[in-house]
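Reader: I would like to learn how to read a structure such as this one feature by feature. Could you show me the general idea each time and then the case at hand?

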Amino acid sequence: MVAKMPPSLNQALATADKQPWHQLQFPPLLEKIYQRDTAAHRIRRYRLFGAIGIVVFMLYGLVDRFYLVDVYQRIWIWRLLLLPGFAALTIICSFWRPFQPYYEYSVVVASTAFVLGLTWFFSISHMPTAQHYYGGVMLCLVFMMFGLRIPFRLACYSCVVSLAYLGWVLCGLHFLEEAARSLIFILLVSCVLLGLLGLFQLEKEERRSYLLALELQRDHRQLQQGFKYLQQISTVDGLTGLFNRRYFDQQLLIFWERRLQQQVDIALLFVDVDYFKRYNDSQGHQMGDETLIKVAQVISRNAAPWQGCAARYGGEEFVLLLSGCNLQQTMALAERIRSEVEALALPHPSSGCSRVVTISIGIAVAHASINQQPDWLVNTADAAVYQAKKQGRNRIVAMHSCQPLAG
């Protein structure tokens, strides 16, 4: 049976479906599952894009030699060693499992450090070309939001810190005209706002896709459960729990074909509860049903070691289909079933052969080489049980073409 989805998760899915548009986080249980399921993918993305970002950041060190000539000796170690080294360390630490739950925060810290580093680079330079470094700051912010795709909440924190530092730096750059400083700040604020808007929409769609995937899994489980239930009620007898006649007919064809392919014998036991109509009339239908259930349990228990197909054939009749079981083994198994039913000691005052409930069993065995139709096995076992009844019931008869076989 397919495992059911926990009711608490079903409730969380229903709650998530009704969340307002501006809310990103799922209910606590669903959020925990989402973070767990997407963690590996996010870490792989951080590693890959983080490595690319480090290389690009270091390549721009070539530009520093021309645009920030006056402070190059102070900043090259930050550009080429310290900041890239810190970022590379976070990537290396991501392979350490205890660090992984905190890895996302380290990515945010590293990418924010890159933004602050670029801002600091052009804040200490008096070169006219330094003012163009705001483009690098914009590039870092965009890369953080759409390359690394850090969570919207953490991106907001990073952007607030970055803009606050940038505003403080621009206020101190008196050699730049106020109009230039205002333009730089407005451009960066616009970049951040539009970037955050896009990042919010991306994360919202990503979460929505995950939610739809979970709902599809839930619906698939429910469909599988429904299918298995329908399959069960269509193949299992509702009273005894054994297979029904329809399923037995299907299995008979399968066993018959397998007999030819694997060259093994198959046997059929046809079981009939003796004087069951009298038992029903005297003890009542409820007691009759309980008796059928107990007889079915005996048959099922003895069928299990042979992986046989035990079924209720109709009324008080049962069948047991076995593969790879010869006549001697079948007779021994049938005697065990007969004796165990008799040992149940279910009182049967109106029986014509015993004081307790008993059964008669007819046996048919099909050899691997026999050239007959599958119905032959049923007809022969049925004829055998008829002979058992005729001989006084509570006994076993094995037949071959309606002639007793030598035991």
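Author: Let us begin with a term that we shall need throughout: a residue is called buried when its relative accessible area is under 20%, exposed when it is over 50%, and partly exposed in between. Please keep in mind that this is a predicted model. As a case, R338 has 12% relative accessibility and therefore counts as buried, whereas E342, with a relative accessible area of 28%, is partly exposed.

Reader: What do the side chains of R338 and E342 form where they meet?

Author: They form a salt bridge, with 2.9 Å from N to O. Both R338 and E342 belong to helix 12 (residues 327–343), where they stand four residues apart, about one turn of the helix. The general idea is that an α-helix has 3.6 residues a turn, so residues three or four places apart point the same way.

Reader: Which side chains in helix 8 are likewise placed four residues apart?

Author: E203 and R207 are such a pair, both in helix 8 and about one turn of the helix from each other. Their side chains meet in a salt bridge at 3.2 Å, N to O, and here E203 and R207 are both buried.

Reader: How many salt bridges does the structure hold, and which parts does the one between R149 and E206 tie together?

Author: The structure holds 13 salt bridges. In the one between R149 and E206, the closest N and O atoms are 2.9 Å apart. R149 lies in the loop between helix 6 (134–147) and helix 7 (152–172), while E206 lies in helix 8 (residues 178–235), so this pair ties together parts that are 57 residues apart in sequence. R149, at 22% relative accessibility, counts as partly exposed, and E206, at 23%, counts as partly exposed too.

Reader: Turning to helices as such, how far does helix 4 reach from its first C-alpha to its last?

Author: One compares the span with what is expected at 1.5 Å a residue: helix 4 (residues 72–93), which has 22 residues, reaches 30 Å, close to the expected 32 Å.

Reader: Is R79 itself buried or exposed, and what covers the buried residues of helix 4?

Author: R79 is buried, and the other buried residues of helix 4 include Y72, I75, L83 and P84. The cover over the buried residues of this helix includes helix 2 (28–59), helix 3 (61–67) and helix 5 (103–123).

Reader: Which residues make the nonpolar surface patch?

Author: L48, F49, I52, V56, Y60 and L139 make the patch, which amounts to about 520 Å². Helix 2 gives the most to it, with four residues. V56, for example, lies in helix 2 and, at 34% relative accessibility, counts as partly exposed.

Reader: Finally, where is S323 found, and which residues is it in contact with beyond its neighbours in sequence?

Author: S323 is found in strand 3 (residues 317–323) and, at 22% relative accessibility, counts as partly exposed. Once its neighbours within four places in sequence are left aside, S323 is in contact with F255, V264, D265, I266 and W306.

Definitions and conventions: Residues are numbered from 1 along each chain as its sequence is written. This is a predicted model: local features need pLDDT of at least 70, side-chain atom pairs count only at pLDDT 80 or more; totals for chains, interfaces and linings use all residues. Side-chain values use heavy atoms; hydrogens and water are left out. Helices (H or I, at least four residues) and strands (E, at least two) are DSSP runs, numbered from the N terminus. The expected span of a helix is 1.5 Å times one less than its number of residues. Buried means under 20% relative accessible area, exposed over 50%, partly exposed in between (1.4 Å probe, protein chains only). Contact means heavy atoms within 4.5 Å. A salt bridge is a side-chain nitrogen of Lys or Arg within 4 Å of a carboxyl oxygen of Asp or Glu. Patches are made of residues with over 30% relative accessible area and no salt bridge: like charges are joined within 9 Å, nonpolar side chains (Val, Leu, Ile, Met, Phe, Trp, Tyr) within 5 Å. Accessible areas come from the Shrake-Rupley method with a 1.4 Å probe; for residues, only the protein chains shown count as cover.
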